[in-house]
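Hi everyone, thanks for coming.

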Amino acid sequence: MLTRRALLGTAAGAASLATFALHDRARAASPPLQIVATTGMIADAAARVGGAAVAVQALMGAGVDPHAYRQTRSDIRALTQADLVLWHGLYLEAQMEAFLEDLARRVRTIAVTDRLLQEALLAHEEYAGRFDPHVWMSPPLWSQIVIRIGDALSDARPEAAQAVSARTAAYLEEIAALETYSRDVLASVPEGSRVLLSAHDAFGYFGAAYGFEVIGIQGISTESEAGLARIASLVELIVARDIRAVFVETSVSDRNIRALIEGADAKGHRVAIGGSLFSDAMGAPDSYEGTYLGMIDHNVTTIARALGGLAPAKGRLGRLSLQEKQG
């Protein structure tokens, strides 16, 4: 649900950005708000809407699995010295959750998913009372997180609230354009090919949004192990349904995917790796794929092209690395 702060009006918000940039430079002499974010996606959003009023540090970089991540000594130092800590919640940072909840007694700490309506979340039969945390896979859901982050920054730095609201509105326009692109190219995938099989069950919100059947070898947490029976049953499924492409993930070992390919090959069925997807972490720093917009553009473009859809090789804005199908 959009808040008053986020909806100053997209046209007025975009027009005001130049003025707010001048205000940012005027405030440059003031120390920026020190923010520590657990994931790259949260850090990216905070930097986009915060501008010069914030200095953002992400604990988890490219290729890092947040389900298994434990805070280091340097993390603890950064977290305890921060003005604001932004973490995801929904049990994504499973190994850090107790620490972060304790930290909240001393440092302003916000779980950015805390305002999502429960009916918008996906439950999972393996985790009673918990929900799938991978909400960034749906741009409309992630837009709500961006608004939450903008509100948190405005509360922490009221003098920057107007500029933060303008940046939030402008960023939401970019996310909306990405959503339009995603719907267009994914709709071009033949209906019978809309099966996304990957290393772990990180794409549930993607599947719900775009009409894809999603199959993860592991559960919604990479901490769950896939046994031989699970691999064997998925090999049978791949062969029976003539699935021709499966996907690896940048933050999860490809061991199980390779086992599936070998098992299918032993039955005379050829299946290829359709590409490497960003699931729990973004791409390399200072790359387009190292931003939320680039991460989702990469995933959508890779999936569409691998499964028989029509999408430009370099993505929505022509900024992606060349999409190469893997063997």
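The protein has 10 helices and 8 strands; these are DSSP runs numbered from the N terminus, with helices being H or I of at least four residues and strands being E of at least two. Please keep in mind that this is a predicted model: local features need pLDDT of at least 70, side-chain atom pairs count only at pLDDT 80 or more, and totals for chains, interfaces and linings use all residues. Residues are numbered from 1 along each chain as its sequence is written, and side-chain values use heavy atoms, with hydrogens and water left out.

Now the overall picture. Of the 327 residues, 54% count as buried, where buried means under 20% relative accessible area, exposed over 50%, and partly exposed in between, using a 1.4 Å probe and protein chains only. Among contacts (heavy atoms within 4.5 Å) with a separation of 6 or more, 69% join residues 24 or more positions apart.

Let's turn to helix H2, residues 40-50. How many of its 11 residues are buried? The count is 9, so H2 is mostly covered. Among them are Met41, Ile42, Asp44 and Val49. The buried residues of H2 pack against strands E1 (33-37), E2 (54-58) and E3 (84-87), and against helices H5 (139-156), H6 (161-187) and H10 (292-306).

Residues of H6 including Tyr171, Ile175 and Leu178 meet residues of H10 including Leu293, Ile296 and Val300. By class, this contact has 12 nonpolar, 2 polar and 2 charged residues. Nonpolar here covers Ala, Val, Leu, Ile, Met, Phe, Trp, Tyr, Cys and Pro; Asp, Glu, Lys and Arg are charged, and the others, Gly among them, are polar.

Finally, some backbone angles. Most residues other than glycine have a negative phi. Tyr91, though not a glycine, has a positive phi of about 65°. Tyr91 sits in the loop between E3 and helix H4 (97-103), and is partly exposed because its relative accessibility is 33%. Asp242 has a positive phi too, of about 55°. Its loop runs between helix H8 (228-240) and strand E7 (245-249), and at 41% relative accessibility Asp242 counts as partly exposed.
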